[in-house]
Amino acid sequence: MTRLDDTALSRRGVLRAAAGTATAVAAGTAATGAAAAQAYDGWFSGDAKGGAVGNYDGTTVDRTGTDEVTIDVGVDANGGTYGFGPAAVRVDPGTTVSFEWVSNTHNILIDAQPDGADWGGHDPIENTGFTHTHTFDTEGVYTYYCNPHLTMGMKGAIVVGGDSGGGGGGGSDQPTVAADYGDWFTKSADGGATGNYTGDTTDKTGTDEVTVEVGADANGGTYGFGPAAVRVDPGTTVTFKWTSNTHNVLVQAQPDGADWGGHEPIENEGFTHTHTFETAGVYTYYCNPHLTMGMKGAIVVGAPPSGTTGGGGGGAAGSSVSPASTLWTAVFAGAVGVAMLVPVAVSYYRRTPAPDSSGAFDYEPGGDTDDQPAIPEADAFEPDTELGHDEYDPVGTLSIVAVYFLILVGMWAFTYFIEFLGNGPTIMG
Amino acid sequence: MTFIDKFPTEAKLVRWHFGVGFVALAIGGLFGLVQALYRTGHLRSLLPINAAQYYTVLTGHGVLLALVFTTFLICGFFVWAVTRSLDRPLSHPRLVWTGFISMVVGTTLAAITILNGFAPELPFGSANVLYTFYPPLQAHPAFYVGAALLIVGSWIVGADYFLTYRAWRADNPDKRIPLQTFMVLATFVMWYLSSAGVAVEVVAFLIPWSMGWISQVDPLLTRTLFWYFGHPVVYFWLLPAYLAWYTILPKLAGGKLFSDPLARVVFVLFVLLSTPVGFHHQYTDPGIAEGFKFIAMTNTFMLLLPSLLTAFTVVASLEHGARQRGGSGYIGWLRALPWGKPSFSAMALAGLVFAAGGFSGMINAGMNINYLIHNTIWVPGHFHLTVGTAFALTMMGVAYWLVPQITGKRLQHRTLAAIQPFVWVIGMTLMSNAMHRGGLAGLPRRTAKPLFRGEGAAPFDPVVGTISEMQLQIAIGGTLLFVSLALFLAVMVGTWLSRPGMGRLSVNGSIPSALSGPADSPRILDNLKVWTAIAVVLVIIAYGLPLYGMLADGVLAPGSPGFPV
């Protein structure tokens, strides 16, 4: 899921994020595409927003088997009271986590959470003694931070569920990868929709060697990868086999640390390109000459997350909707729909002739006919004393216009001499 | 005779235009409430949107209210004005239906792409490009096609105003054009001249670009074409309100229009000066020489003249009504006006609020002082006074008076109607004053979370009050506006659904002649060909060289690929 960082939505943030998805710069979709995959997706590293986290040493504290877990907010770390303690923790699904403020002026904003999770964080800034609790039911990785101290590195992560048997091994070893391609196969991405991507990811896990056809019949010609989306185990060698002419394979996005170079030269039928995929995550690629036909593909390296099938994809960038807001959206849409239907329903009701309504008749526009009288208007206003052109002297208007001019001049002088000369242009600041 | 009995076909046309416009008003108004609350942080967590969808809401609010609601209301209102003042049916009602259907189809296409931001399952793609749809922000082609159909539909409707006028002229070769028809024709001359800019932008550049037929467009050129249309469009909204203030409001006040010739002069000045002013929206754009911005500024300040003439004429007409009702004194006559009558109070209050909007418009227009408030929330504060009140509230007043005449039904819920304009003005006063002051403090516009980055309100420097107090005023004001809108819609729906033929209407459709009639004015005022020709020359002076400069380095260069949003 390409989750637009909710808090980074300054005006430029939106432009940047939109541009990132649109032109599909590698960093954008790839990094987040494998979000649930590994090492918290670099969340604790210096590359993520807010920089490195001093009190994360690579280990995830294992608190599975406990129903209630406490995380301290504002522990000594990162050069002050700017840490979550512990920074990374693993819990079982259904665990209630209490966040206890142990120093002042912190809040909890969510960076990312699994699809379907409904944790809202705690936006208001609170002081020592405050507690925020949430029960984590949805499996996956949750990353969060304290907004005022983000730049100090006050960030945290919670792993819910997963292979907890081994104990405190840390989230970095999770080999599960969701088949989430963002909008890569949709019409919103470069090149438009991919006709031969049906929403299913072909599962080829358990096989050491997998073949992908380059130039399969699809998208109105020989413009498809067959299969368009495929899931393999880490270490699988994938053979790209050209089955028609003038195609290449360019990598759109791949996980951090992956080294697939694709195959840029344009080749014809019979050519093969092989690569062994070691790094878990989502790889997306395309054929440059036929991108606009929708010749795009994806490879997921890693096991599917528990409880999910190979599907996914399709979500529009930026619309990360939690269940709560989905409910609201439904209520909202329903209300608009009902509101629009009400007039129809009511007019049907009102049109039905009421019994014995005195004076009522089935009115048809067109005036006085045999069946109906015309609709009478109110009487026109008749002044007691008619004031003609020559008797009328608009002194009241003059007074009002004079007052208006005085106000205008006063406000203009204030805006120019005090605001403008005193403060200077705000757009430059 | 009531309008619906005299002109049933035209009454039906007006009803349909108003009906679609009111649906757009309802949805766009709801978006406005969501926006005001989200942006100010009040009840943000309860709102069904996230920060990215704020821009969907913003686009919907702008497009549905500023383009759809306005255009439908204007086209319908003008059908009434032409028919009533020429006292003859439309010459080609089918043409008007064609235009109407084109506008409905266009609106539907654009609305679907905008709503895509909430529900990606809808057909087409999304269009969070905001009301100005600046490239390189790129919408789905359906959005641009929809916008084009809306504009073209209004052109088709407008064509029949001219055809009907021509038929009337053939029967009345020597008469002066009735004032309302003159105003309609002048408005549409201005509209044809100016909306050509956005038509070229959309049809020649944005549609091919969003379809992928051309890879890039020149953002400066397309912005310039947008603002070539984007300022005159505000007069396209305003002039119908002026038509109501000049011809309906004096009658509602119990008086007569002070001067028919002065009204004609005002409309001629708008034909001449509305279009060559668009650069004043681009004072901070690079690539346009200062001198051309200066020409736009002087033209803009000259446009103050017709608005100040209007202020004088309309107030003098109201005073005439007040004195006929027994009012007296320099200021005291205001009490004699029928403030309890919703059609009157809505229009009169709209005019009052517009006077305040005129002030902030003067600040916007000044080339240096504009830098103080450019791209701040001051600007929305300004146009909520103008299109958001001067137009919208005037049209609500028109509806209270006209809807009974086009439906044959008595106005329902008259108490609600009587308080509605006052609730609107209170809400707008709270919201708009806070927006203006926030703008002076540097609060940005078009931003979901203006206080982001953990610094809260600290970077902003209000002169009086605090940022949080302004935010609260915006939230409360926006809520009151929504309440007022709901009252208006309740009155309209109730009236619309009530039974016709239930007795005498509460309104009277006759309009008295002016105190000083058209016979006192030179005939050249009615010669729209002359004024159109001069307007074209002024446009060439203001836009010829800068457009040539933008085109000289290649039509699509310097270009930018699209960023779909």
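View 1. A:Thr95 is buried, with a relative accessible area of 2%; buried denotes under 20% relative accessible area, exposed over 50%, and partly exposed the range in between, computed with a 1.4 Å probe and protein chains only. This is a predicted model, in which local features require pLDDT of at least 70 and side-chain atom pairs count only at pLDDT 80 or more, whereas totals for chains, interfaces and linings use all residues; side-chain values use heavy atoms, with hydrogens and water left out, residues are numbered from 1 along each chain as its sequence is written, and chains are lettered from A and ligands numbered from 1 in the order in which they are written. A:Thr95 belongs to strand β5 (residues 95–101) of chain A; helices (H or I, at least four residues) and strands (E, at least two) are DSSP runs, numbered from the N terminus. Its side chain reaches the backbone oxygen of A:Asp92 at 2.5 Å. Beyond neighbours within four places in sequence, A:Thr95 is in contact (heavy atoms within 4.5 Å) with A:Thr66, A:Asp67, A:Glu68, A:Val69, A:His134, A:Thr135 and A:Phe136.

**View 2. Strand β5(A) and its two pairing partners.** Five of the seven residues of β5(A) are buried, and the strand is thus described as mostly covered. Strand β2 (residues 68–77) of chain A pairs with β5(A) in the parallel sense over six bridges; two strands pair if DSSP finds at least two bridges between them. Within this pairing, A:Trp101 in β5(A) stands opposite A:Val73. Strand β8 (residues 131–136) of chain A pairs with β5(A) in the antiparallel sense, again over six bridges. Here A:His134 in β8(A) is the bridge partner of A:Val97. Strands of a sheet pair through backbone hydrogen bonds, either parallel or antiparallel.

**View 3. Residues listed by UniProt as a binding site.** An unreviewed UniProt entry lists A:His247, A:Cys287, A:His290 and A:Met295 under "binding site". These residues are spread over 49 residues of sequence but cluster in space, with a largest C-alpha distance of 9.6 Å. UniProt positions follow the numbering used here, feature names are shortened, and annotations may be inferred rather than shown by experiment.

**View 4. A:His247 and A:His290.** A:His247 lies in strand β16 (residues 247–253) of chain A, whereas A:His290 lies in the loop between β19 (281–286) and β20 (296–301) of chain A. A:His247 counts as buried because its relative accessibility is 0%; A:His290 also counts as buried, at 12%. The side chains of A:His290 and A:His247 are joined by a polar contact of 3.0 Å, a term for a pair of N or O atoms within 3.5 Å, where within protein one must be able to donate a hydrogen and the other to accept it, and residues adjacent in sequence count only if both atoms are side-chain atoms. Setting aside residues up to four places away in sequence, A:His290 touches A:Tyr223, A:Asn245, A:Thr246, A:His247 and A:Met295.

View 5. Six strands of chain A form an open sheet with mixed pairing, in the order β11-β14-β20-β19-β16-β17. Its edge strands, each pairing on one side only, are β11 (202–203) and β17 (263–267) of chain A. Strand β14 (residues 229–232) of chain A runs parallel to β20(A), and four bridges join them. A:Val301 in β20(A) is the bridge partner of A:Val232.
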